[in-house]
Amino acid sequence: MPEGVIKSVGRIFEILELFDRERRPLAAKEISKELGYPLMSAHQLLKSMYQLGYMDFDAPKWTYMPSKSFISVLNWVPDIIEKETAILDFVHALNRETRETINISRRIGTNVRIIHGLESVLSVGVSVRVGTIMPNGNSLTGMVALASLTDFEFSEYLSFINSSDSSPKDQFDKAHLDHVREELDTFGSAAKNNVLLEGVGAVCLPIKSLANQETLVVGVVGPSNRISKNVELHRKTIAALAKEFGVKTVFKLQ
């Protein structure tokens with residue numbers, strides 16, 4: 001659990017994420033075992049969520065399931081990416097042409113979060129999970145997001161990470177960021193291996209949301225040896241498909 005997170009709050013969201021993975025009713029005992037919580041703690045959290053109306057409880061089976069009330073409180077949140085038909089068509093075509101895992105991420109403060117993903121069709125690939133959070137300073141996706149900030153936005157970002165509200169994980173390597181910027185200026189995308197995970201490489205490019213002009217980062221992700229071998233080919237594919245689907249890129253593609 002990330003540093004500074006209140007334990008009970010973190011556990012509630014870990015329980016909800018477990019339901020998202022399992023997609024079925026779960027007993028407190030199962031949740032306790034899977035997440036490594038004391039059984040009594042799991043019972044208390046589930047009972048509290050049930051009393052608030054956000055969890056259904058099947059007494060005969062002793063199982064819980066997120067309720068419709070929980071789902072309804074989130075219905076107002078717009079799914080930004082669903083409205084981006086050109087971008088979705090672009091990433092589907094990119095997945096088809098490169099055969100690698102494709103993800104779309106957005107920056108949220110000092111992190112980036114995957115908001116859409118398509119799995120590789122190859123037998124050996126990199127899995128993607130929507131909702132995964134990566135630190136800006138420790139991932140190519142995050143560095144590309146930072147390199148895409150305007151001077152004013154970057155100045156504000158620096159002010160925050162140098163303040164007392166930030167933590168050491170929010171820091172980044174300036175030399176690495178400068179290299180990513182140079183690569184984006186030259187190619188419109190940046191490629192790197194073994195940044196966040198050993199053995200994993202990516203080619204990332206920043207694009208603009210057509211709906212609100214927010215910067216999103218598209219990544220072509222795969223085993224580092226395969227990505228290294230195909231960087232030039234992937235860049236040509238990215239440029240051709242971005243032009244075909246009318247995707248607005250932050251930097252000019254080569």
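This report describes strand pairing and aromatic contacts in a predicted model.

**The three-stranded sheet**

Three strands make up an open sheet whose order is β1-β3-β2, and their pairing is antiparallel. Because β1 (26-27) and β2 each have a single partner strand, they stand at the edges, and one side of each is left without a neighbour in the sheet. Strands of a sheet pair, in general, through backbone hydrogen bonds, which may be arranged in a parallel or an antiparallel way. Here β2 and strand β3 (residues 63-66) are joined in the antiparallel sense over four bridges, and Met55 stands opposite Pro66 in β3. Helix α3 packs on this sheet, where α3 touches both β2 and β3, and the direction of α3 makes about 110 degrees with that of β2.

**Strands β4, β5 and β9**

Strand β4 (residues 101-108) has antiparallel pairings with β9 and with β5, which the table sets side by side.

| Strands | Sense | Bridges | A bridge pair |
|---|---|---|---|
| β4 (residues 101-108) and β9 (residues 215-223) | antiparallel | six | Ile104 and Val218 |
| β4 and β5 (residues 111-118) | antiparallel | seven | Ser105 and Ile114 |

The strands β4 and β5 form a hairpin with two residues between them, and in this hairpin Gly109 takes a positive phi near 65 degrees.

**Aromatic rings**

How many aromatic pairs does the structure hold? There are five of them. One of these is formed by Tyr54 and Phe70, whose ring centres lie 6.4 Å apart; since their planes stand at 75 degrees, and over 60 degrees counts as edge-to-face, the pair is edge-to-face. This pair links distant parts of the chain, with Tyr54 in the loop between α3 (39-51) and β2 (55-58) and Phe70 in helix α4 (residues 68-72), the two being 16 residues apart. Elsewhere among the aromatic residues, Tyr50, Phe57, Trp62 and Tyr64 are linked into a cluster by ring pairs.

**Arginines over ring faces**

Two arginines are placed over aromatic rings: Arg11 lies over the face of Tyr37, at 4.5 Å from the ring centre, while Arg181 lies over the face of Phe154, at 4.7 Å from the ring centre.

How values were computed: Residues numbered from 1 in each chain as written. Predicted model: local features only at pLDDT ≥ 70, side-chain atom pairs only at ≥ 80, totals over all residues. Heavy atoms only, no water. Phe/Tyr/Trp six-rings, centres within 6.5 Å; stacked < 30°, edge-to-face > 60°. Lys NZ or Arg CZ within 6 Å of the ring centre and 35° of its normal. Pairing = 2+ DSSP bridges. Contact = heavy atoms within 4.5 Å. Axes fitted to C-alpha atoms, helices over the stretch in contact; angles between N-to-C directions.
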